[in-house]
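Thank you all for making the time this morning.

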Amino acid sequence: MLNDITLGQYFPGNSLLHRLDPRAKLILSLVYIVTLFLCSGPISFAIMAGLLTVAVILSQIPFFVILKSLRPILILLLITTIFNLFYMQEGTVLLQLWILRITDYGLYNAFFLILRIVLLITGTFVMLTYTTSPIMLTDAIESLLSPLKKFHVPVHELSMMMSIALRFIPTLIQETNKILSAQKSRGANFDSGSLFARARALVPVLVPLFVSAFRRAEELAVAMESRCYRGGSGRTRLRVLKFKKCDYCVLIVSLTVIILAVIARYTISFGMLP
């Protein structure tokens with residue numbers, strides 16, 4: 001399961017989405033996330049799904065990688081489905097199980113909520129972490145938050161912290177897999193027993209994992225200090241971010257499609273649909 005977690009991984013490439021300005025991708029991702037929570041009904045969701053499909057094609061990320069990233073959230077999707085199926089009592093009853101009822105409203109609500117979660121996670125991965133390196137993402141966040149420097153907000157430090165956190169997620173996952181394999185070779189059993197027994201069996205994994213994480217953090221701090229890192233003041237960049245015509249075109253087209261999805265949400269009514 002840990003091998004299926006692709007959060008924070010960057011897949012190098014030369015696609016249109018890779019070459020896009022990271023600030024444009026960050027703005028587009030934020031608007032995309034907000035719009036998903038405003039969507040309601042099949043038309044608006046179909047528009048957002050179409051936009052995501054185009055982004056996946058432009059990113060040239062293998063489709064199996066995207067499907068692999070959704071496997072860790074299958075349990076969350078299952079719990080969400082069950083909760084919405086039996087919690088929503090309004091509408092026509094489709095199935096009666098003792099005091100529990102499955103209605104058409106609950107079925108529609110569960111379907112579109114799952115669709116929203118899948119589109120949210122996939123879109124964030126494709127438009128940000130998969131196609132944007134941690135360094136470029138740091139520069140984009142710092143550039144967009146630069147007006148806060150007037151209020152003495154440590155923008156560079158905050159951007160660096162978020163970038164390092166994303167960068168070390170795959171490293172920690174790899175380290176966890178190594179520790180799990182080492183403990184299993186010593187006879188540890190993580191797949192059987194009660195819930196309390198499984199939690200107790202994870203203690204020999206968590207302790208060396210925390211030790212390894214602190215050691216890597218210390219090594220990173222020493223490496224940064226040895227290279228005379230002193231924060232963002234007076235620092236120059238190898239790559240200066242500049243919006244190009246392609247960035248403006250992609251932003252305009254994408255924002256137009258998103259506006260159409262919002263318009264469809266408020267102008268086309270589908271009754272019981274969420």
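Of the 274 residues in this chain, 35% are buried, where buried means under 20% relative accessible area, exposed means over 50%, and partly exposed lies in between, with a 1.4 Å probe and protein chains only. Please keep in mind that this is a predicted model, in which local features need pLDDT of at least 70 and side-chain atom pairs count only at pLDDT 80 or more, while totals for chains, interfaces and linings use all residues. Residues are numbered from 1 along each chain as its sequence is written, and side-chain values use heavy atoms, with hydrogens and water left out.

The secondary structure comes to 11 helices and 2 strands, taken as DSSP runs numbered from the N terminus, with helices being H or I of at least four residues and strands being E of at least two. Read from the N terminus, the order of the elements is α-α-α-α-α-β-β-α-α-α-α-α-α. If we take the contacts between residues at least 6 apart in sequence, 73% of them join residues at least 24 apart, a contact being heavy atoms within 4.5 Å.

Let me turn to helix H2 (22-38). H2 has 17 residues and reaches 24 Å from its first C-alpha to its last, close to the 24 Å expected at 1.5 Å a residue, where the expected span is 1.5 Å times one less than the number of residues. The buried residues of H2 include Pro22, Leu26, Ser29, Tyr32 and Leu36, and the buried residues of this helix pack against H1, H3, H6, helix H7 (134-144) and H11. Serine 29, which lies in H2, is buried with a relative accessible area of 3%, and, leaving aside neighbours within four places in sequence, serine 29 is in contact with Met127 and Leu128.

Next comes helix H3, residues 42-59, whose 18 residues should span 26 Å at 1.5 Å a residue, and whose end C-alpha atoms are 25 Å apart, which agrees. Which residues of H3 are buried? They are Ser44, Phe45, Met48, Leu51, Leu52, Ala55, Val56 and Ser59. These residues cover an arc of only 140° around the axis, which puts them on the same side of H3, the arc being that of the directions from the helix axis to the C-beta atoms. As a reminder, an α-helix has 3.6 residues a turn, so residues three or four places apart point the same way. The buried residues of H3 pack against H1, H2, helix H4 (63-70), helix H6 (104-129) and H11, and H3 is followed by glutamine 60, whose phi is positive, near 60°.

Arginine 265, found in helix H11, is partly exposed, with a relative accessible area of 29%. The C-alpha atoms of arginine 265 and cysteine 39 are separated by 5.7 Å, although the two residues are 226 residues apart along the chain. Leaving aside neighbours within four places in sequence, arginine 265 is in contact with Leu38, Cys39, Ser40 and Ser44.

Finally, the second largest pocket is lined by 21 residues, of which His18, Arg19, Leu20, Pro22 and Met136 lie nearest its centre. A pocket here is an open set of points on a 1 Å grid over the protein atoms alone, where a 1.4 Å probe fits, with protein on both sides within 12 Å along at least five of seven lines, and lining residues have an atom within 4 Å of a point. H1 gives the most to this lining, with 3 residues.
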